[in-house]
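The structure is shown first, and the notes follow by topic.

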Amino acid sequence: MDLLGNFAGILLGGLSAGTVLFIVSVGLSVTMGLMGFVNLAHGAFAMLGGYVIVLAMNRAHVGFAAALALGFIVTAAVSVVLERLLYRRLYRAGELDQVLFTIGLIFIFIAGITIAVGPESQSLHLPPALGGQINLGFVQYRTYSIFLIVVGALINLVIWLAFEKTSIGAQIRATVDNRRMAESLGIDVDRLFTITFAFGSGMAAIGGGLGAEFLGLDPQYALKYLVYFLIAVSVGGLGSVVGVYYASLLLGVLDFVLKLYLPKGGTVFIYALTILLLLWRPQGLFGRKET
Amino acid sequence: MTGAAIPAKPNADAVQLGHPAALALARRHHFRWWEALPWLAAIGFYFAFPDYLAFGSGLLITILFALSLDLALGYAGIITLGHAAFFGAGAYTVGMLAYYGIWSEPITGLLLAGLAAAIIGLLSGLVLLRTTGLTLLMLTLCTMALLQETANMARAYTGGFDGLPDLTIDPVFGIFEFNPLYSNTQYLFSLAVLLTCFLFVRTLIYSPFGQSLTGIRENLLRMHAIGAPVRRRLIICYTISAATAGIAGGLWAQTNAFVNLSALDLDRAATVLIVLILGGYGRLYGAFIGAVAYLALEHFLARVYPTAWQLGLGLLLVLIALFARNGIIGLGETLWARYATRHRAS
């Protein structure tokens, strides 16, 4: 019984961490799949959103749900402005310029937040309803982790439905598969990209806010977790929402288990597995082969 | 930089006829007078700023590291985010050999550092260079992270997070000691190593091999079509680039007398990328200009206010990516060309 409880605890902890990873990375996957744009600054949007959410709650005493909505809107708005003004100039540029540009953006975000808020770490105070423990019948676990897992599954479901059942979703799928053909059919890829970029950045903001409780939130956030976001996206497969979901959960559980049993350098296995997987399937688990 | 591969020996007739283009091609590897300037400046620095020699050695090592990246990224077009893997491999080779008293002779130590990095470069290149684009970017990043975590985990050998302090390195040629307080030996030794490596890289770039690398970068399909062994050349180039980065890392360990995990950091890999691009990649002197500009900016801006440095660097990167894709040298060339046309017109 105790063994089962331990096992369930590890699984739930890993799944909740993986869920946050998914919420942050899903937008990155779709925008990279759409435009092939290497946007390393995606984590900076998660950080910006996290700050908006945490500061709104701690300083302005806004409710949790309202703060999440605010974070989504502010970050999406900022990302649209940046996309229209700067990103779009580099769509046809090489990866190197995109890497350089987005690294520059990361530095600007880090410096901006250090100047505006300060270098110290911010903490998220959960609403009391999410604070305690919940009895799941077979195991007692933190309510917040269960909340995250449920929210993540719902988000996955909603995005999947939007992809499969709506016109915009169909347009996104078509563009990821074959951008030129989609453009020939009259799909406005530019507009599509702006919409998904804004939505993806907004989701990253929510992920940044939800994850602030156990990932922490300081100006280095954008760089600290960058490798994890990129692994989730490339392992899952560019442009694949379901792929990022499974890859994130897998990564979350693996990271949790390794940190528990091999606290010193257990992440070696994550990098090694990623390398092997990408050599086996360069397009990721659920990605489509490039045509 | 011309697009297609240029034959090693231009048509002798054309040279004899004195066609300007043929002459330029035949003489493109000749030394120009201004190529002496960076080295004269480096020697001048030694006498003018005796208090800044530690800073100076750091600068020279950054140039060497950026030069190694230029070989892979600028010439062969291999986009990597993990070049610090080789820097770190070299640094830890020198560091561990010296710390455990196995080998502390500096010159052979650097050769061993280059060898260790070359082996890692060859092994990783064999598998990594099958991929391109984002996958390659991710794989180089993960390889570096893997090495860093391994160094962190093998605490018993590498000192883990704390690294290996107080390395004792033998005097160069048994005469010139590495004095931690006065960096004279460190500076001159770094300068000599940089000059040696630079001459090697310069020769390589102007060789048929170097030209074929440029060809691979500019038009992969065409290089395949003319039957060039593309993958083998990329792997060889990657290995040489890794070896050079390893030498830079070994030099870093020797001049600082310590190694730690920062040698394998994403920060270091990103910095060297920024340095090279700031100066202008695919150009022999891009590494020099970039390193001087970067370290000078860092030195002065960070002293004012560390966050201002980060903000300035971020803005600089965004501006370069948007408007000056060929770095400072590229910007200079554009301005010069504009000036020359106007001058000729008037």
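Why does B:Ala151 count as buried? The model is predicted, and within it B:Ala151 has 26 C-beta neighbours inside 10 Å. Because a residue with 20 or more such neighbours is classed as buried, B:Ala151 falls in that class.

**Surroundings of B:Ala151**

- Helix α7 of chain B, residues 133-153, contains B:Ala151.
- Apart from neighbours within four places in sequence, the residues in contact with B:Ala151 are B:Tyr92, B:Thr158, B:Leu261 and B:Leu264.
- One of these partners, B:Leu264, is 113 residues away from B:Ala151 along the chain, yet the C-alpha atoms of the two are separated by 8.9 Å.

**Contact between chains A and B**

- Chain A contributes 32 residues to the contact, and chain B contributes 32 residues.
- On the side of chain A that touches chain B, the elements giving two or more residues are α4 (95-116), α11 (226-236) and α13 (268-280) of chain A.
- The element that gives the most to this side is α4(A), with 14 residues.
- By residue class, this side of chain A consists of 22 nonpolar, six polar and four charged residues.

**Confidence of the prediction**

- The model has an ipTM of 0.84 and a pTM of 0.86.
- For chain B, the mean pLDDT is 85, and 95% of the residues reach 70 or more.
- Among the elements of chain B, the highest mean pLDDT, 93, belongs to helix α12 (residues 230-256), and the lowest, 59, belongs to helix α1 (residues 12-17).

How values were computed:
Residues numbered from 1 in each chain as written. Chains lettered and ligands numbered in written order. Predicted model: local features only at pLDDT ≥ 70, side-chain atom pairs only at ≥ 80, totals over all residues. Contact = placed C-beta atoms within 7 Å. Helix = DSSP H or I, 4+ residues; strand = E, 2+ residues; numbered from the N terminus. Nonpolar A, V, L, I, M, F, W, Y, C, P; charged D, E, K, R; others polar. pLDDT = per-residue confidence, 0-100. Buried ≥ 20, exposed ≤ 12 C-beta atoms within 10 Å, placed from the backbone.
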